[in-house]
Amino acid sequence: MATILEDSKYDPQRDLKVVGSNPVKHDGLDKVTGRAKFGADYFLPGMLYGRTLRSPHPHAIIKSIDTSAAEAVPGVKSIVTRDDFPEIDPGTVAGEMTRTAMAREKALFDGHPVAAVAATTDAAAKQALKLIKVDYEILPHVIDPVDAMQPDAPILHDYIRTKGLDEPSDKPTNITERLITEMGDVEKGFAEADVIVERDFDSKPMHQGYIEPQGCVAEYSDDGQVELWCCTQAPFVYRDRLSAILKMESAKINVQQSELGGGFGGKTGFYPEPVAILLSKKAKRPVKMVLSRNEVFRGTGPVSATNYTIKMGVTKDGKITAAQGHLVFQTGIFTGSMYFNGPNAMFTRYNFENIHIESFEVVSNRPKVNSFRAPCVPQIVFGVEGVIDELARKIGMDPIDLRLKNAATEGYTTVYGETLGPIGFVETLQAAKDSEHYKSLVKDGEGRGVAAGFWFNRGGETSTSMNIAPDGSVTIITGTADVAGSRISIAMMAAEELGIDVDKVRITMADTNSLGFNRVTAGSRTTYSVGMTVVDNARQCIDQFVKRAAEIWDVPEDAVVYENGECRPAGANVGNFEPLTIADITKQTTMSHGAVTASASMNVTGAGPGFGLHIVDAKVDEETGRTDITRYTVVEDAGKAIHPLQVEGQYQGGAVQGIGWALNEEYVYGEDGRLQNASFLDYRMPVTSDVPMIDTVIVEVPNPRHPFGLRGVGEVPVVPTMAAIGNAIGNAIGVRPQSLPMSPPKLLEIIDNRNS
Amino acid sequence: MTELRYEAPESLDGAVTLLSGGGGGKILAGGTDVLVQLHTEMIEPDVIVDIKNIPELKRLSEDGGAWTVGAAVSGMNIIDNDAFQTAWPGVCEGVALIGSIQVKGRASIGGNLCNASPAADSVPAIIAAGAIANIVGPGGSREEPVENIVTGPGQTSLAQGELIVSFSFPAKQANSGDCYLRLTPRTEMDIAIVGAGVNLTLDDDGTCIAARISIGAVAPTPLLVEDAANALIGTKVNDAALDAMVEAVRAACNPISDKRGTREYRIKTAGVIARRAALKALERAQAN
Amino acid sequence: MAKKVHVTTTVNGDDYEYLAEPGQTLVDVLRNNLELTGTKEGCSTGDCGACSVILDGELVCSCLVLAAETDGKSVETIEGMADGDNLHPLQRNFLDLNGLQCGICTPGFLIAAKALLERNPDPTETEARFWLAGNLCRCTGYDKIVRSVMAAAEEMRGA
């Protein structure tokens, strides 16, 4: 069915009427009136309330679980433990997913689920949890990834052997993989350099920090069908993974996505959903489970912590000749951090010829890490862009000029093997240089920093369908979750293609029974990929409008053209026909020919990479080490901004998440391996009064592979943030911090050391 | 939890009776700490005693310059009172830092004190102000300086059945000023790493004749640091005096290292914050 | 079972009468007993503001109020913010200026901003930011929320 996959017909001269404007989001009204339904907002008749018992120990053998006293609590209808999950071998993808949902042989982190209860009231479920007796044999634990790599570290899984070693070892280890990413000859590159800088860096886990805790309602019917309502970035992925761990056919599991109250990568994998399904199966009633905030922090995926070294060399005239990295990524208790994004993206935006990166992924007693915008990239860019700034300072070059001098352009082949098409990095850097912010004087007592970032952007499996109602209005069914307002951008692209008003288009987020497979909303793929399929849908529908108009007029199809929402004769010689609107056609032909509909399923390729540069002014209180961000500008290439306010919102939101990660957010563990700050109060995400307005500059270098030229904009905005803030702080206090977060105690120590 | 009762007595006697019976009565004022403790099962009381329907607990009044602030008056009601704000700006600064607007719509000084956190923001401010807690209990009523109430994290000197009715603030002296400042990583919604309340009185030629300095989050309880006050009394609150005050503050600190800050960081910044608070209090005293 | 508390309260002008568990919070009752799910629960500890409501004129977190305490009181929630089909100027400005992304924090922000503008019709940006500090948003970076509030304030002053 796909017609445009390899030929988008991107036309720079096209006169756009809808794309580039800012209509009110179609999901907006329900969201400002309280009508929008999120994960916790579903109720079914007879619904029970589910609660989870979690391990207080970071590492312990579960010798036995006694649920008898809990079963006796009035109102308790079902209890689920490891025994209710199908046996799946450890060390497999499904084996690790099922062990994330519910501990089996061992509890592997503080907060690991060990049992769950469904009862007629939440209070009864909580009461029952207290009566479940779990006999633990406590084992030594390890939290820090570097500690976990040591030869004497407790081994967390007996099946892990490090992949990618030069000499394979059969010794159990906590290092899942070693990866070499390289091009050219770094030794030769360093030999050509006039200045070489090498620095160590580290970062702590942070949490995606979505405001909506995971929430779901599951209903298991006696014939083995499952209905699941939940907040998810990935309804189809949830379905297929649930199928794998519950050993049920995918077609028997129908996942209905709710509105999503923030995910940022954190809702790409399930947590309470399989447990709720099994509780429902046993109780024969629907079960609702909503996590508490404490459970969200302790039990759901944070971001990878890192320890790493960056070494780079530059000539006196600003040519960076070699770039090297030694990287350690903490993946939590199971592999799957997507750490390879780090080495692939960390230097990509520059035209380096000589790169060598050695990366390790390490397990430790924390929840398995989950995605967060540009997984495993921003925390490494923090170091890379700090070293680049230091190189610029040492050779006396403006930091943006050094980046311009080394900027990648069309035709450069990256370290991961992609030859870049038309990209907007140079234009982004130039726009930053020309920005009011960069041209302004730095205020007394403040420091200014810049940093650049890159993200691949993604495409992937995408299905949509379009239905034209008899009155000419349009509904679109999508299955790639809307996590922040992509529906309006998609409706706009459909309206543009159909030549109609965007208010004539409505989008429904499908359940998994209603549409073909859609990949997760992640990696800045949604507006791009769904844009491709809906434009395809629209073109299919236009073909049908033309056919039907030709039939109505009794002329050949090629005598009919479609423009501005109407079919009209291609020329005067065709005949004197009044133009037919979509409604004219559908009113006349739906009864005879059936509805005009279209569907498309594609594996969308051709996502154009995104680049950004952030400019930050920061002020540091030299007596306390507290940092205030006083001015912030995001400059980024969107390819084409479909809905500019939405694009700005992505830029601004990414920047402020990065401000949190830069200054305060981190997981704090005690000696006992328990998370100490599992609350918003102590986790310290930025509040309204912590940040200034975030200025934005939208650069538009079109992606020729997309009908409207767009590039994804979801990931890049967070990539350079901590680096830019680090560089601003470095310029304010004279020493560039190397450890995230750059919290007040750490900065005060740097200032005190500088002074002494 | 299943045994929990909710009671909202309308008199002090009623409250004392409820709190005296058995061991499991918990006072509910604003509830901003108690309800979190209840729902995370840190406490499992038999009865919640809501004291907000008792008139004495909700009083906010002035008599000859002396103020009485009911223990359950909400933070927003306190800081919205212009006359009280004028009299005790430092106390209002402390109250204004008790959580968000939403939290201050409920939270009270009585609750902030009796929750007995070393980091409670209003407490150093009211200790510096010289506030007295008016207490009732099964044995009648008594008065106690605020600095004697908190005895350790989560612990108070109140006997079973006792509750704080109100706080008495002395009439403000001429040429006096107070200030409360704290240090937090965020601008709002945070727990003090250190806090400092300073209340100074000057004579006509600007010499400090009285001072009270209280610091929070640097010891198991909020501290009234007499050595720090003495370092300022008799001086013009010049740099040398402030240096001595800072030294006394740091000497008094005995903090823990925890998720909110290390011991060393707290001791160091306690001096910084106390100095800044003293300078602001001085400015106010000079303006009065 | 615990002895339930009989509560009579007004929510958005409508009278409600119900039995609450003694320890049940107002947000729990609003969402689960009265099925007014516009009020969101993000943390249950007063740290995110998603459950903001106005209780007898005072902005509060409904997770930090017992339902039993609201007997005889009046509660305003997001469901009562629009006047029939007429959106409150704050709601309209949030839509026009894209002051929301995922929308989970939006009801709380709107209620908090309403309380701000009722008290201070002409806030500075800094005053607005500090007033709204009890409401967490993770999507927007706050920029467009603050702009929406300032624009609504200006419109309401002119009206």
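This is a predicted model: local features need pLDDT of at least 70, side-chain atom pairs count only at pLDDT 80 or more; totals for chains, interfaces and linings use all residues.

Student: What is the strand order in the open sheet of four strands?
Tutor: In chain A the order is 19-18-17-23. The pairing is mixed.

Student: Why is one side of strand 19 and of strand 23 in chain A left without a neighbour in the sheet?
Tutor: They stand at the edges, and each has a single partner strand, so one side of each has no neighbour in the sheet. Strand 19 of chain A covers 505–509, and strand 23 covers 596–604.

Student: How many degrees does the twist average from one strand to the next?
Tutor: 20 degrees.

Student: And the helices? What does helix 15 of chain A touch?
Tutor: Helix 15, residues 486–498, packs on the sheet and touches strands 17, 18 and 19 of chain A. Its direction makes about 140 degrees with that of strand 19 of chain A.

Student: Where does helix 16 of chain A lie?
Tutor: Across strand 17, strand 18 and strand 23 of chain A. Helix 16 spans residues 526–553 and runs at about 145 degrees to strand 23 of chain A.

Student: New topic: cores. Which residues touch the most other members in the largest nonpolar core?
Tutor: Met312(A), Ile725(A), Phe167(B) and Phe169(B). That core has 202 residues. Its largest share is nine residues from helix 11 of chain A, residues 378–395.

Student: What does Ile725(A) touch?
Tutor: Leaving out residues up to four places away in sequence, its contacts include Val616(A), Tyr632(A), Leu663(A) and Met742(A).

Student: How many residues are in the second, separate core?
Tutor: 49. Among them are Val474(A), Val505(A), Ala559(A) and Val560(A).

Student: Last stop, strand 1 of chain A. Is it mostly covered or mostly uncovered?
Tutor: Mostly covered. Strand 1 of chain A runs over residues 48–54, and six of its seven residues are buried.

Student: How does strand 1 pair with strand 12 of chain A?
Tutor: In the parallel sense, over three bridges. Gly50(A) stands opposite Met289(A) in strand 12 of chain A.

Student: And how does strand 1 pair with strand 5 of chain A?
Tutor: In the antiparallel sense, over six bridges. Here Arg54(A) stands opposite Pro113(A) in strand 5 of chain A.

Note on methods: Residues are numbered from 1 along each chain as its sequence is written. Chains are lettered from A and ligands numbered from 1 in the order in which they are written. Side-chain values use heavy atoms; hydrogens and water are left out. Two strands pair if DSSP finds at least two bridges between them. Helices (H or I, at least four residues) and strands (E, at least two) are DSSP runs, numbered from the N terminus. Axes are lines fitted to C-alpha atoms, for helices over the stretch in contact, and angles run from 0 to 180 degrees between N-to-C directions. Contact means heavy atoms within 4.5 Å. A nonpolar core is a set of buried Ala, Val, Leu, Ile, Met, Phe, Trp, Tyr and Cys residues joined through side-chain atoms within 4.5 Å. Buried means under 20% relative accessible area, exposed over 50%, partly exposed in between (1.4 Å probe, protein chains only).
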